[in-house]
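Have the viewer open as you read.

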Amino acid sequence: MTAPWWRDAVVYQVYPRSFADANGDGMGDLKGITSRLDHLEKLGVDAIWLSPFFTSPQNDGGYDVADYCDVDPRFGTLADFDEMLARAKERNIRVIIDLVPNHSSSAHPLFQKALAAAPGSPEREMYMFREGKGENGELPPNNWQSIFHGDAWTRVKEADGSDGQWYLHLFDTSQPDWNWENPKVREMFRGILRFWLDRGVAGMRIDVAHGMVKEEGLPDTEVNTKGLVALDSDKLPPYFDQDGVHEIYRDWRKIINEYPGDRVLVAECCAPRHRMPLYIRPDELHQAFNFSFLLARWDKTLLHDAIEKPMALSREVEGSNTWVLSNHDVIRHATRYGYAPDYKFGEGLSRDEPAPDRELGLRRARAVSLTMLSLPGSAYLYQGEELGLEEVADIPDELREDPAHKRGGVPGRDGCRVPMAWQHDAPAYGFSETGKSWLPQPASYGERAADKQVDVPGSTFEMYRAAIRLRRELKLGEQELTWIESGDEALAFRLGETAVVLNLSEQPLDLATLGLGGMRELLVSYPDEHAAGMLPANCAAWLTPAG
Ligand code: GLC
């Protein structure tokens, strides 16, 4: 029996608002995605994962869903979705969608019904309504804070105009949490799963997969998590990583197993590392994002541990590994690696921070990306990283849309969501024919536009493309990794006959010192001139036995 495709796939994340705009309104859409499938085919990815394109007021870039089974008019129609799916299929590209089960939009008809209904009614039971504390219920039911800053509770007005109950929103006020203790919520989501599986999607990425179930009694928390990714803390708040979520996943696994063709469920899961394997037990989800690689800075021990520890854990449950360096929630890695390894990032990058070393950032990002693309398991890429696109710090506050910015005053995540650069000399760099773009693109996006890189030897795009092709040919994603002793400033391992070396130092590395002198270079992350047997500074290489 051959292993399911997703175990060693390369999956490309499309953020629909920012990928390609076919109707010229400055916001990407499904027709835009269809029009750019050639790019993805050339790159060689196995699948795309689409961030939400469902009906939504767009208060959190679509992670505030008002209708789970329809397309937002800004992005197109269900027919456009079917068309995109069909065109992708012709190119052997599967499509994974994003399921947002922790919360809906406050514009969801069921939330509107809940607001209009009385306390204690079945309508209110769909969400997390509670009485407030204090003499007149004027205080929130507990001390939970929103991930996007501020209280996680908002008080409503009852039908008679009086101050009433409070509802829980772990994220923005406009993202009320569903009540997963209510069987009706569970039944509704089963239907949503089937709706998209019937349409032919290859699976789902589960948003906030560590949320949904809250500790009984909603006790006060001693820890409040700010920002999205908290990994190594052993203490999580009573609204994350509760054992009850696993029951939901076992239920969903049964549904997905009814469908042919190895569909996949992948969790966005921010549980403590040792709890991750629970999510990917054989009767639960197939994969969970391993964010430790994304969090690792330019440091031998950190990168080593970010590879070794999750691999050891997933082995416990015979699960597969996942690797990711960038997504729509974090500072792009071409920028992260342009800062010193001890630079402290906040939530997003502000205009007032020192500028990164752009050249070094790209060099190091390419080196880590090339390392990632060799690793056993599957790699998740974020649109634009194949071009080396950078985080954009220079966005006027009034154009920023991230609710974390609006609620917490932090720069937030808009800087990694700036629309793609396709053509260096076209309006909006080819994102939209009208030149409109919902966020301004910097001049550096022109320098790194796709048309300057596709079929251009030595470009970042061509490095990714060659890596994805070779990875498949050499079946790297299926190999066992064994470490090579390599000192403090290099990372080296074998995957079958192939050796991978990442030189973290500022000096060229003589491969003979690692016992790899006789090997031939297959791929190197940066196109410097260099002597045979030497790996330039801040570079990675894939090596194969000579002869
Ligand atoms: C996830 C998404 C993020 C979103 C949040 C709330 O973490 O990746 O973009 O804001 O969930 O849905």
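## Helix pair α5 and α6

In this predicted model, Arg186, Phe189, Arg190, Leu193, Arg194 and Leu197 of α5 meet Glu247, Ile248, Asp251, Trp252, Ile255 and Ile256 of α6 (contact means heavy atoms within 4.5 Å; helices are DSSP runs of H or I, at least four residues, numbered from the N terminus). By class, that contact splits into 7 nonpolar, no polar and 5 charged residues (Ala, Val, Leu, Ile, Met, Phe, Trp, Tyr, Cys and Pro count as nonpolar, Asp, Glu, Lys and Arg as charged, and the others, Gly among them, as polar).

Residues are numbered from 1 along each chain as its sequence is written. Since the model is predicted, local features need pLDDT of at least 70 and side-chain atom pairs pLDDT 80 or more, while totals for chains, interfaces and linings use all residues; side-chain values use heavy atoms, with hydrogens and water left out.

## The largest cavity

About 210 Å³ of space sits in the largest cavity (on a 1 Å grid over the protein atoms alone, a set of points where a 1.4 Å probe fits but cannot get out; lining residues have an atom within 4 Å of a point; volume is the space filled by probe spheres set on the points, which are joined across faces, edges and corners). Its lining counts 16 residues, with Met276, Ala288, Phe289, Asn290 and Pro310 nearest the centre. Two elements, α7 (276–279) and α9 (300–316), each give two or more residues to that lining, and α9 has the largest share with 3. Sorted by class, the lining has 9 nonpolar, 6 polar and 1 charged residues.

Key
1 Å grid on protein atoms, 1.4 Å probe; cavity = no way out; pocket = protein on both sides within 12 Å on 5 of 7 lines; lining within 4 Å.
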